[in-house]
Amino acid sequence: MTAATLHVIIHSGRNMIVGTSNASAHLFCGSLIDGSGGPIQERVLVGIKDSIITSIDREYDRKHLPPGTIDWGDCTLLPGLVDCHVHLFMSGTANPAVRSSQLHYTFTEARPIIAGHLSDQVRHGIIALRDGGDYGGHALRFKREEMPGMLNPVIINCAGRALHAPGRYGRLTGKPPENGLSLAQSIASDPESPDHIKIINSGINSLTEFGKETRPQFSLQELMKAVKTTENLGLKVMVHANGRLPVDAAAQAGCHSIEHGYFMGRDNLKLLANRRIYWIPTAYPMKAYTGMAKKGSVEADVALKNLDHQLNQIRLAREIGVPMAIGTDCGSLGVHHGDAFSEEMRLFAEAGFTIPEVVRLATVSGARLIGIEHETGEFKVGMPATFVVLKGNPDALFDSLKSPERVYFKGMRLA
Ligand SMILES: [Zn+2]
């Protein structure tokens with residue numbers, strides 16, 4: 001999809017189907033996973049009017065469906081998915097020429113790429129995204145210029161440019177505070193008014209030395225002032241942090257989510273649970289890297305160890321009760337927009353989450369973190385008809401998410 005075709009979808013309102021103002025529609029599905037984390041419901045008849053869910057009848061007799069019912073009796077239905085950590089400006093491709101040119105794209109060059117990534121997301125049932133920033137603020141500008149209307153086919157919230165300390169990691173997704181401003185002053189005076197603030201408070205995972213931790217980029221005082229300033233703007237702070245000290249400082253400062261959080265340790269997990277701070281583990285990038293690195297290389301070995309360690313932290317976080325949501329970090333090497341989401345979900349299942357629990361993280365939890373839980377999240381009466389239809393039963397979920405049968409957003413068919 002190019003920017004132009006995205007524009008057509010946004011503005012024409014074509015494909016508007018289920019339950020228009022003239023008529024209510026019925027649809028029937030074999031299984032419904034509603035995003036609440038509760039048990040999977042069987043043989044469900046759903047009524048939709050004015051693009052709002054008006055009734056849900058469980059264990060409905062398929063032989064007696066109301067006339068005109070759309071029959072997805074061999075399918076599983078889920079709420080629309082929410083990816084809480086994306087980089088829309090960057091592709092997951094391993095092509096070195098493309099990867100390096102992505103580091104210098106102008107907005108004009110980035111625009112069709114961002115539109116293409118949005119299309120990839122929507123095709124995979126992802127209808128809301130939280131962008132973690134890029135050096136040009138391109139994703140934020142795309143949202144402002146290309147998606148101004150009410151009929152947008154996807155909700156995107158953008159950090160614009162993330163903030164990192166001078167001379168430290170983060171050039172690709174952000175900038176240091178400029179003109180001698182402090183972190184908080186930089187947030188208060190940002191003319192681009194992003195949807196949330198992203199702060200980078202550590203380095204990235206070493207791929208040559210397992211478990212190597214980096215220093216925090218900002219002091220606790222700087223982070224506390226930054227969080228306070230952001231909250232005064234009515235926004236939330238997402239913090240990139242790996243390792244014990246960087247995560248501890250971000251959590252003590254009261255940030256709203258920890259991104260990655262590799263090697264944060266048990267004490268930090270407890271802190272996140274107590275303070276109800278979300279954790280977005282982005283585990284799949286390590287798996288993707290393992291698959292792409294040279295077999296038997298140090299990098300392949302360390303990436304695999306990083307992944308195992310992170311899955312153990314996820315297991316522990318589930319026991320402790322840390323609030324979590326699904327974020328892929330798509331745009332990283334081998335982490336493709338849309339495709340990566342089901343892989344991240346699969347890793348949560350490997351770490352012990354049940355399928356309804358994984359779907360809750362992928363829908364309701366993500367919507368709450370972004371603050372859009374009244375627009376999307378649980379599939380229940382009164383909510384907009386935003387859902388994904390997957391061939392087969394719930395056990396096949398992670399595979400069937402590769403190519404959903406249908407994707408609807410507020411009653412509008414997107415795929
Ligand atoms: Zn990221």
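G47 stands opposite S55 in strand β3. The model is a predicted one. Five bridges join strand β2, residues 41–49, to strand β3, residues 52–57, and these two strands run antiparallel.

**The hairpin of β2 and β3**

- Two residues lie between the strands of the hairpin formed by β2 and β3.
- Within this hairpin, D50 takes a positive phi near 50°.

- Strand β1 covers residues 25–32.
- Seven of the eight residues of β1 are buried, so the strand is largely enclosed by the rest of the structure.
- On one count, seven bridges join β1 to β2, and the two run antiparallel.
- On another, five bridges join β1 to strand β4, which comprises residues 70–79, and this pair runs parallel.
- C29 stands opposite V44 in β2, and C29 also stands opposite W72 in β4.
- L32 has Q41 as its bridge partner in β2.

**Residue S31**

- S31 is a residue of strand β1.
- The relative accessible area of S31 is 6%, which is under 20%, and therefore S31 counts as buried.
- Leaving aside neighbours within four places in sequence, S31 is in contact with I40, Q41, E42, C75, T76, L77 and P394.
- Among these contacts of S31, Q41 is also the bridge partner of L32 in β2.

**The zinc ion**

- Three residues coordinate the zinc ion: H85 and H87, each through NE2, and D329 through OD.
- The spacing of the zinc donor residues in sequence is H-x1-H-x241-D.
- H85 lies in strand β5 (residues 81–86), whereas D329 lies in the loop between helices α10 (298–320) and α11 (339–350), so the pair ties together parts that are 244 residues apart in sequence.
- H85 is buried, with a relative accessible area of 0%.
- D329 is likewise buried, and its relative accessible area is 11%.

Terms used
Residues numbered from 1 in each chain as written. Predicted model: local features only at pLDDT ≥ 70, side-chain atom pairs only at ≥ 80, totals over all residues. Heavy atoms only, no water. Helix = DSSP H or I, 4+ residues; strand = E, 2+ residues; numbered from the N terminus. Buried < 20%, exposed > 50% of the residue type's maximum accessible area, 1.4 Å probe, protein only. Contact = heavy atoms within 4.5 Å. Pairing = 2+ DSSP bridges. Donors = N, O, S within 2.8 Å, 3.2 Å for Na, K, Ca; no water.
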